[in-house]
Every structure is written in C-alpha cells, then in structure tokens.
Amino acid sequence: MMHSNAANRLDRLPISKFHKITLVAVSFAYFFEFADINSFATTVPKLIKLWGVTINEIAYVTSASFVGMFFGSLIASWLADKWGRKRALVLTTLWFSAFSFAAVFAWDIVSLGVFRVLTSAGLSAMTVVAVIYVNEVFPAAVRGKYQAYAIVIGICGTPATNLIASMVVPLSDWSWRLVYLWGALGIVFVFFVRYLKESPRWYESKGQYDKADAALTDIEARVAAEKGPLAAPAAPAESAQATKTKAPFKLLLQKKYLGPTLLLTVLWVTQTIGFFGYSSWAPTLLAKEGFSVENSIFYVALTTVGAPLGSFLASLVTDRFERKWCLVVFGTTIAVCGLLYGLTFNPILIVVFGFLVNLFERGYTALAYAYSPELFDTAGRSLGTGVSYGLGRLSNAAGPLIIAGLYNGSGYQSVFFFIAGTWLFGALALAFFGPKTRQARLVDRAESRDLAPSASTHQA
C-alpha cells in the first residue's frame, strides 16, 4: 500500500459516538491535569503556618516544578513519536497520578517539592500528547471546537480542586494531604484506554500503512454503522507521503518549522508566566495581604468558576473566526482584567475581576491548544508542539523568582503590573507575526461538502 490517506479519510467523517467517547476520555485526563496543577497553590497557605514555609521556598518549589514541566514536554514529544500518541497519553497520565499520590506522604517542603516536580513533568507531558492526539483524530473543520469542548469539561477540575481545598485544608493539620490524593484519581483514566484508537496519522508518518489502514477501516466501520454510508475522501496529496525518518531537534531549524516554533514559544512563555503567575500566587498573596487562609482560598475558588465558561466561549468562536485574532483579543482582555484584580482589595471586585481573568485565560488556552499543532505538519507536529510548550513551561522557572522579588521589593500591586505586561506582549507578538489558519480549515470543509455522501467508505 503506497498511502493510507489518513488525513482525508479522517477529515470527512461526521462526528459520531467514536469521537464523543474519545472526547470524554481526553476530557477526563484534562480534568485531573487541571485538578492537580493548582494543588500546591491551594495547600501553601496552610504549609506556611505548619512548616514555616517562606515566600522564597514557595518560589523555588514552583520554579523547579516548571523545570520538570519542560523536561516532561520534551520527553512527551519523544514518546509520542516513538511509541505512539495513545500509549504516550496513557503513560503520562499514570505518571502524574502516581506522583500526586506520593505527595500525600510528603514530610517537609523539600520532599513535597520533589514530588511536585515529578508530578508537574507528567502533567506537562500529558497535555502535549493530548493536544496532538485531538488534533490528529478529529476532523480539521471542527477540531478547534472539540479541543475547546475537552477543555470545557477538563477545566472543571480547577474549581473542583479549589472548592475541595477550601473545605478540607482548614479541617486539621493533616487534611491538606487530601488535596493531593484527589489529584491522584487521574489513574482511573486506564479504564478508558480500550475505547481509544492509535492515531492513524502517526502510523502513516512511520510508514506503517497497513496498521494505519486497519485503524482507519475500524473507525470508518464504527462511524458508518451509526451514521450510514460515508462520503468518499479526497485523493491524497503527494506531499503527504510518509517517511520513516526520525524527527531530530535540528528538524526545527528548517525554515518551515523555525518560525512557528519561535512564535509558539513566545505564546507559551507569556501564557505560562501570565497564567501561573496569577493562579499559583493569588491565594498566597491574598493571605500575605491580611486575608485569612480560608477566605483567600475561597475567593480564588469562586474566581475559577469562570474557567469552564471561558473554554465554552472558545468553542463558540474557535472555528468561526481566525484563531490568531481570537487569541489577541482574549490575551489583551486578560491583561486588563488581571491588572484591575491587582489594584483592588474589595472582596467583591477581587472575585469579579478574578472570574474574568479565569474566563478569558481558559478560553485563550483552549484556542492555543487548537492553534499550536496546526502550524506544523505530522512530521514536525509532536516535536514542534512539545519544544515550544516545554520552553514556555521552562520560562516559569524564572517567573516565580521574579514575582517573589517584585513582591518583596515593590509590593503586591507590582506583581500584577508585571503579569498584565506579559499578557500584552504575547498578544502583540501574535498580532504581528501569527500565521492565519482559518483558510486551510475552510478548504477542508469545502472538500468534505463537495464529496457528498456516497456508498464508498474509504479509498486506500
């Protein structure tokens, strides 16, 4: 078989039970990724009292966690290319769940920091693989919407964790450990594995055309049984011919990969510092400014209710408008709302502006998850996405130290001027240098519409 035509065969499929089950599985993994990512931030106010943890120690643990995220992203890109998207998704989810469970038994800030670094590596790795997997399995014309749907469900893990933390952390001197036990429940993901299919595009990129065709045939049979006869796919493009060559890091130095990698690095650096600078520090800084531990955690929990709504907002706009301009608008709005959050000490306004920050930031992230892999072909997608995402996470090794320095040197509000400036810089970079991707999606949609339903299920 010369070509399995994976892209065109997948892109012309109507959304079916197969896609919905895949969506639920990925959403579950996202849920516990988002549930686990803020665990440290929600327990730190308690540990300040119990263990005498300092602002600088918090900064070191948070910074080291982002170094872990960097290496996790690189390892994920290698795993996804070497072993396949499905297997990598399973391994990375099990990894972060196992080390979140280990954090339950931490005995001091050093041991907790080590477990958080290892957990963070798994969280970042899982995210990279999940983004790639959704991009390659869902039809191009609607993948942005379903990527956002996955985030809508998954992001509920953030307010769930914050609300659970607000209830259990104050109970006793040991109850903060339950927050990490909650994050470890991601291990339940293993029950979804049998419903997932390996990405046919990955098989094809490795020259395993027979396996790609078998996977595609199985998917098509499931969809046709539910939806009826399928449209004939478009003929494969010559440029889509796969090779068995590996994707070394020097591949990203090629002109067609270097520009997108640099742009996405800026996108993820500003998103990482901007988002985690806010979410990781808000409970601690509020507590430092005189709010009680219970109130600081509760206020932040209320603000994160906006997160699922932001992802849903992204699902409404992501496939209708140019993604880069959606990102620009969302990023600018976050900068303004984040700054206003830092300029008020009124509890109601803290919740309102915090709600808006979470709403637009989660929408921004959902848009970025859809936008990032679209800038690469299959050969460079895993590596380009993993490296840019990883460098973004690595940047926040410095972010907490900068924030701690600003807070100690210039006060609470200077932190939020810095965070707002970071978001604005990212928005401007996308506005001036971001490639447009909507036209390619419209072409895919037109081809699918022109190939009206026929009795043919596929063309190998």
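**Rings, charges and helices**

Analyst: The charged end of Arg362 sits over the ring of Phe275, 4.3 Å from its centre. This is a predicted model, where local features need pLDDT of at least 70, side-chain atom pairs count only at pLDDT 80 or more, and totals for chains, interfaces and linings use all residues. Residues are numbered from 1 along each chain as its sequence is written, and side-chain values use heavy atoms, with hydrogens and water left out.

User: What makes Arg362 sit over the ring of Phe275?

Analyst: The term asks for NZ of Lys or CZ of Arg within 6 Å of the ring centre and within 35 degrees of the ring normal. Arg362 is 4.3 Å from the centre of the Phe275 ring. Lys324 likewise lies over the face of Trp325, at 4.5 Å from the ring centre.

User: Why is the pair of Phe28 and Phe192 called tilted?

Analyst: Rings of Phe, Tyr and Trp (its six-membered ring) pair if their centres lie within 6.5 Å; planes under 30 degrees apart are stacked, over 60 edge-to-face, and the rest tilted. Here the centres are 5.2 Å apart and the planes at 45 degrees, so Phe28 and Phe192 form a tilted pair.

User: Why is H2 called oblique to H8?

Analyst: Helices (H or I, at least four residues) are DSSP runs, numbered from the N terminus. H2 and H8 (residues 157–168) pack at an angle of about 45 degrees. Angles under 35 degrees count as roughly parallel, over 145 as roughly antiparallel, 65 to 115 as roughly perpendicular and the rest as oblique, so H2 is oblique to H8.

Technical notes:
Axes fitted to C-alpha atoms, helices over the stretch in contact; angles between N-to-C directions. Helix = DSSP H or I, 4+ residues; strand = E, 2+ residues; numbered from the N terminus.
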